[in-house]
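I opened a notebook for this chain. The entries below follow the order in which I looked things up.

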Amino acid sequence: DDLLELYQPAAEAQDMQLSLHVEGDPTVLADRDLLANVLANLLDNAFKYAGQGACVSISAAQAGQHVSLVVQDNGPGIPPDAMARATERFFRVDDSRSQRGNGLGLSIVAAVVSLHHGELKMEDARPGLRVNILLPRA
C-alpha cells in the first residue's frame with residue numbers, strides 16, 4: 001500500500017494504470033526496507049521501460065510454502081536472448097542504453113532475493129515483463 005501511494009502520482013503523470021492485488025495474508029520473515037527497495041526498483045523499471053499509458057500491477061499471494069510477489073507491466077518487455085543476462089551487473093539491453101541507469105537494478109534485486117532464500121523468475125508477459133519473486137512463507 002505504501003509503495004502504491006508513493007508511485008501513484010508518477011503513474012498519473014505518465015497516464016499509467018497502477019494496481020495492487022493482495023490475496024489472503026502473505027507473510028514473510030524479511031527485511032522490510034530491502035524488500036521495499038526491491039519492489040521500488042521493479043516499479044522504477046516498469047515505469048521507465050513500459051512507456052506512457054502502460055498498465056503496471058503489483059500482486060502478493062501465498063503460494064503453498066512460499067509467498068509470491070509479482071510486478072508486471074504490458075510494455076515491450078525484455079528480448080528473449082537478453083532475459084538470461086538481465087540480472088548480471090552492468091548488463092543493459094541495447095534498446096535501453098539511451099535511458100538513465102547503470103545496469104545494476106536487477107542484479108541488486110537478485111541479490112536481495114537470494115539473501116532472503118528466495119527465487120527470482122522473469123517471464124515474458126506477452127506483452128510486457130512479469131517478475132515473480134518467491135520467498136519462504138513465515
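**Entry 1: the chain end.** I started with Ala-138, which counts as exposed because its relative accessibility is 52%. My cut-offs: buried is under 20% relative accessible area, exposed is over 50%, and partly exposed is in between, with a 1.4 Å probe and protein chains only. Ala-138 sits in the segment after S5. Helices (H or I, at least four residues) and strands (E, at least two) are DSSP runs numbered from the N terminus. I then asked which residues Ala-138 is in contact with, leaving aside its neighbours within four places in sequence. They are Thr-27, Val-28 and Leu-29. Contact means heavy atoms within 4.5 Å. I also checked Gln-65, which is 73 residues from Ala-138 along the chain. Their C-alpha atoms are separated by 8.5 Å.

**Entry 2: ground rules.** This is a predicted model, so I noted that local features need pLDDT of at least 70 and side-chain atom pairs count only at pLDDT 80 or more, while totals for chains, interfaces and linings use all residues. Residues are numbered from 1 along each chain as its sequence is written, and side-chain values use heavy atoms, with hydrogens and water left out.

**Entry 3: the whole chain.** I counted 4 helices and 5 strands. From the N terminus on, they run α-β-α-β-β-α-α-β-β. The chain has 138 residues, and 38% of them count as buried.

**Entry 4: the core.** Next I looked up the largest nonpolar core, which has 34 residues. Such a core is a set of buried Ala, Val, Leu, Ile, Met, Phe, Trp, Tyr and Cys residues joined through side-chain atoms within 4.5 Å. Which members touch the most other members? They are Leu-18, Leu-42, Leu-43, Phe-47 and Val-56. At least two core residues come from each of helix H1 (2-13), helix H2 (32-50), strand S2 (55-63), strand S3 (66-73), helix H4 (105-115) and strand S5 (129-136). H2 gives the most, with 9 residues.

**Entry 5: H1 against H2.** Two packed helices are described by the angle between their axes and the distance between the axes. My axes are lines fitted to C-alpha atoms, for helices over the stretch in contact, and angles run from 0 to 180 degrees between N-to-C directions. H1 and H2 pack at about 20°, with axes 11 Å apart. That angle makes H1 roughly parallel to H2. Angles under 35 degrees count as roughly parallel, over 145 as roughly antiparallel, 65 to 115 as roughly perpendicular, and the rest as oblique. H1 passes H2 in a right-handed crossing. A crossing is right-handed if the near helix is turned clockwise from the far one by less than a right angle, and left-handed if anticlockwise. From H1, the residues Asp-2, Leu-3, Tyr-7, Ala-10 and Ala-11 meet Arg-32, Ala-36, Leu-39, Ala-40, Leu-43, Asp-44 and Phe-47 in H2. I sorted the residues of this contact into 9 nonpolar, no polar and 3 charged. Here Ala, Val, Leu, Ile, Met, Phe, Trp, Tyr, Cys and Pro count as nonpolar, Asp, Glu, Lys and Arg as charged, and the others, Gly among them, as polar.

**Entry 6: H2 against H4.** I repeated the look-up for H2 and H4. They pack at about 150°, with axes 10 Å apart. That makes H2 roughly antiparallel to H4. Their crossing is left-handed. Leu-34, Val-38, Asn-41, Leu-42 and Asn-45 of H2 make the contact with Gly-105, Leu-106, Val-109, Val-112 and Leu-115 of H4. By class, I found 7 nonpolar, 3 polar and no charged residues. In H4, the buried residues are Gly-105, Leu-106, Ser-107, Val-109, Val-112 and Val-113. They pack against H2, strand S4 (119-124) and S5.

**Entry 7: loops.** His-117 lies in the loop between H4 and S4. Its phi is positive, near 60°, in a residue other than glycine. His-117 is exposed, with a relative accessible area of 68%. I moved on to the loop between S4 and S5, where Arg-126 is found. Arg-126 is not a glycine, yet its phi is positive, about 45°. At 69% relative accessibility, Arg-126 counts as exposed. Is the peptide bond from Arg-126 to Pro-127 cis or trans? It is cis, with omega near 5°.
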